[in-house]
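Good morning, and thank you for coming. Please look first at the sequence and the fold on the screen.

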Amino acid sequence: MSIRKRIFISMIALTVGCGLAVFISSFILFNREVTAASNDASHTAENVVRHEMLILKASAYNAVLGLSDNRELKDALIANDHERIAEFAYFLHGTALIDYCSILDTSGNIIIRTHDPDSYGDNAAYQPQIAAALEGRQEVHIIQGKIVRLGISAGTPIYDDDMNLIGVLTLGYRLDTLDFVLGLKILTSCEITIFRDDINVVSTLIYEDGSYIKDTVAAPHISRLVLAGETYVSRMMLFDRSMLARYIPLFGANNEVVGMVFIGTFTDSDVLKITLFAIIGASITVAILMVCLLIAGVLAEIIDTRMNTILASLNKANKVKSEFLANMSHELRTPLNAIVGMTNIGRKAKVINDKNNAFERISEASAHLVSIMSDILDMTKLESKQFELVPTAFDFSKMVESIFVIVQHQADDKKQTVTVNVDKTLPQFVIGDSQKIAQIMKNLLNNSVKYTPEGGKIALDITLENENDKIITLNIIVSDNGIGISDEHQAKLFEAFEQAENSATREYGGTGLGLAIVKHIVDLMGGNISLESEISKGSRFTITIPVERYDEGCDDDSLKDNITEDDIYSDDYVDDFSSKWLLVVEDVDINREIVIALLEPTKIKIDCAENGQEAVDKFMFSPEKYDIVFMDLQMPVMGGLEATREIRKMEKEKRKRSHLPIVAMTANVFQDDVDACLEAGMDDHLGKPLDLSIVFKVLRRYLT
């Protein structure tokens, strides 16, 4: 063989050998990266599933905790009134967002179960949450059952007033329903199967005929490992498709495994990527080694960049979600804990001052909880484009004064100094959305109070920046000498669910929604907001917003009402409506009791209807009797909107005296809900939870 041939063959062999080595190495690295990405996605899905289970456990436990002292249930159990017990169970099942509940006697015998009402009398004391309740404990567990094959269930003992056990309440969520696994599939983008022991009870996987897989048995080698408490992860072929399968155990009351969850991610696209890479790599290797190396390097870099970008994005999203959920859970649980704790303290207190103090703390915690829910509601309205401005004429200086009074009360607790300077050239009366402008200033001032140490200084300065054709540009500055905000966090401070510092979040709390809402409101008004801040030296927020000059004096009736109503009626003023009749249309007993108790000092006479049809019947029977109606919206038999339309149809014919005011009293508080009420013929709207001062204003508006 000639030297040329030998060199040529050697070069070919060297080229092919090097090419194959490079190709195989690249193939292995690419496959490893794709596999790692699949494993990361599968592990993230596992965390989501475990988190959803924890949420369900917490929800079930909080539900039984809140119902353990329910008066209605106690009375029914003491009276051994099966019908009332059943009504309570169905009412609870329908309103508490749970999948099922059971009520048992003191021996653990079923009195009623909502998920199988025709089957009762059997003893369920073997269930761990029921056994714990019979021993006086409140516990929540993942359980197996005859009807609910696999579920999360919490149990609580029910005591009479002498602390004698009179029954057991257990409730929870089903894990063996298609809705549950389909919900997990949406959250994780993975196929989900729930097993009781190693038998499939529900799955998102579908046979070729369209039916869901059920009652199949997991492979023996998987069952042995997972039922021993281990996690199993492996690739497998399912329906001729490549899949990454992850099996995780579900633990019961005594840390025994009662079932397992399958999380499956189809990896066809990964296999296809690897195959295409192999074909391209092989072709390029045969053509020329250098081109093969270049393309392999470029592909590896592109894949690494994309994978890193995707993983970074997922990690950031998961981190933001986790931090927000943790903060929100803390913010909601803090006032809830105060309400529950102070309720128990107030109930046991024997001294009236102790009871009054407990009621005051409950009121403060309730107001804080309402404030948090208002922020969440405002953020929802903003993101759904339902947040609207409602410009009216109002006394600007008086609004600023009322804000100062509120903030000063909070600042006094921390011995802080709050100064307010309002430009004397500003007109007294302007036209704008007074509530939104007040919300901006209160939010910024509250933040300054919160993040400024004791003895600090806070200032609100309002000046007239310019005026053009009656449009006044307000310059509002809120400054403090508090902890300040770093440059890094200033950039994202106005984003939803973001907070300045994790350490500040832990120390001062907060949902991370307030400044995002402020930014949205300012943008909606056509204004601008900016921030200057330095760590340990304080912060300075500057806002410019336009309002309209009001030069017509106080001839406008609505302006007169806005200006004088708070002056006429002090906080402790109680109206006398003893000659008036109020019809309360509300299907929930406790809501009716609240209205009756709140309005008792006014001596107004109150009649009640439990649904819209009953309200229509009462009006038809006595159309002249009522002076005003408070109408709920969502009720059985007939809702509030339909009932209002029926009353309006009969009003002209049946009622001889003036128009009957009908006021919506509902938890539906979006603008669409308010518009629907007005369109149906209602005159006004009260949102739940009720603000007594607003209720009094509505009554004065229509009864005086």
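This is a predicted model: local features need pLDDT of at least 70, side-chain atom pairs count only at pLDDT 80 or more; totals for chains, interfaces and linings use all residues.

Residues are numbered from 1 along each chain as its sequence is written, and side-chain values use heavy atoms, with hydrogens and water left out.

Helices (H or I, at least four residues) and strands (E, at least two) are DSSP runs, numbered from the N terminus. The open sheet has five strands, ordered S2-S1-S5-S4-S3, with antiparallel pairing; two strands pair if DSSP finds at least two bridges between them. At its edges are S2 (110-113) and S3 (139-144), each of which pairs on one side only. S3 and S4 (residues 150-159) are joined in the antiparallel sense by six bridges, and His141 stands opposite Ser153 in S4.

Now to the helices. Which helix packs on the sheet, touching S1, S2, S4 and S5? That is H2 (residues 71-78), where contact means heavy atoms within 4.5 Å.

Finally, H10 (residues 396-413) and H11 (residues 434-451) pack at about 25°, with axes 10 Å apart. Axes are lines fitted to C-alpha atoms, for helices over the stretch in contact, and angles run from 0 to 180 degrees between N-to-C directions. H10 and H11 are therefore roughly parallel, the term for angles under 35 degrees. The contact includes Ile403 of H10 and Leu445 of H11.

Technical notes
Angles under 35 degrees count as roughly parallel, over 145 as roughly antiparallel, 65 to 115 as roughly perpendicular and the rest as oblique.
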